[in-house]
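Welcome, and thank you for taking a look at this protein. Let's walk through it together, one part at a time.

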Amino acid sequence: MIAPTAVVAALEAAGFTHLVWIPDSHLGTWEPALAGSTLAPIRVTREGEAVGVAAGLMLGGARPLVAVQCTGFFEAGDAVRNVAHDMKLPLKMIVGVRSLRASRAGKSADNCPHFAEKLVAAWELPHREFDPASGSEAELTAALRELAESDAAGVLLWAE
């Protein structure tokens, strides 16, 4: 498993200026590492709000990353549609896919993994998957740089 300090270092190396997020049981493990980071973490109350805050930051010249869990991404759909497609802003997101590993092993009935990629695709967002349990720090850094450097909106599906 990639350590939270390595995740934060990769986020910084990719050039993100802010992390707009709702820390869940997995993404929240990054919080201690963020304390000494150059990233400016911004906690919001709802996932749609995270997308709106990120849009405002982008309009102001910042390079934010939104990090939410899959169920929150489902809730934020209209905000994602508006920012990525109507405003044509390069919204960048990490979407934690709760229970993905357990689901693939046949050990979970959680339907979040089933719908997460389908909804990202339905919103026509370029995406790729990253599993911090099997991926390397170099692979994470490359995936985040690819996400950050794209002129389009995009999503990194984060296996949980």
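Helix 8 covers residues 137-149, and from its first C-alpha to its last it reaches 18 Å, close to the 18 Å expected at 1.5 Å a residue for its 13 residues. Please keep in mind that this is a predicted model. Which residues of helix 8 are buried? They are Leu140, Ala143, Leu144, Leu147 and Ala148. If you look down the axis of helix 8, these buried residues fall within an arc of 130°, so they line one face of the helix. Turn to the face directed away from the buried side of helix 8, and you will find the exposed residues Ala138 and Glu149. The buried residues of helix 8, for their part, pack against helix 1 (4-13), strand 3, strand 4, strand 5 and strand 6 (154-159).

Several of those partners are strands, so to speak of them is to turn to the sheet. In what order do the six strands of the open sheet stand? The order is 2-1-3-4-6-5, and the pairing is parallel. Strand 2 (40-43) and strand 5 (127-130) stand at the edges with a single partner strand each, so one side of each is left without a neighbour in the sheet. On average, neighbouring strands of this sheet are turned by 20° against each other, direction ignored. In general, the strands of a sheet pair through backbone hydrogen bonds, either parallel or antiparallel.

Strand 1 (residues 18-21) runs parallel to strand 2, and four bridges join the two. Along this pairing, histidine 18 stands opposite alanine 40 in strand 2. Four bridges also join strand 1 to strand 3, again running parallel. Here valine 20 has valine 66 of strand 3 as its bridge partner. Strand 3 is in turn joined by four bridges to strand 4 (residues 92-97), and these two run parallel as well. In that pairing, valine 68 stands opposite valine 95 of strand 4.

Now zoom in on valine 66, which is found in strand 3 (residues 64-69). Its relative accessibility is 0%, which is why valine 66 counts as buried. What does valine 66 touch, leaving aside residues up to four places away in sequence? The list is Val20, Ala50, Val51, Ala54, Leu91, Lys92, Met93 and Ile94. One of these, alanine 54, is twelve residues apart from valine 66 along the chain, and their C-alpha atoms are separated by 6.9 Å.

Our last stop is in a loop. Aspartate 110 lies between helix 6 (100-104) and helix 7 (112-122). Is aspartate 110 buried or exposed? With a relative accessibility of 19%, aspartate 110 counts as buried, because the cut-off for buried is under 20%. Not counting residues up to four places away in sequence, aspartate 110 touches Arg98 and Ser99. With serine 99, the link is through side chains: a polar contact of 2.9 Å joins the two.

Key. Residues are numbered from 1 along each chain as its sequence is written. This is a predicted model: local features need pLDDT of at least 70, side-chain atom pairs count only at pLDDT 80 or more; totals for chains, interfaces and linings use all residues. Side-chain values use heavy atoms; hydrogens and water are left out. Two strands pair if DSSP finds at least two bridges between them. Axes are lines fitted to C-alpha atoms, for helices over the stretch in contact, and angles run from 0 to 180 degrees between N-to-C directions. Buried means under 20% relative accessible area, exposed over 50%, partly exposed in between (1.4 Å probe, protein chains only). A polar contact is a pair of N or O atoms within 3.5 Å; within protein, one must be able to donate a hydrogen and the other to accept it, and residues adjacent in sequence count only if both atoms are side-chain atoms. Contact means heavy atoms within 4.5 Å. The expected span of a helix is 1.5 Å times one less than its number of residues. The arc is that of the directions from the helix axis to the C-beta atoms.
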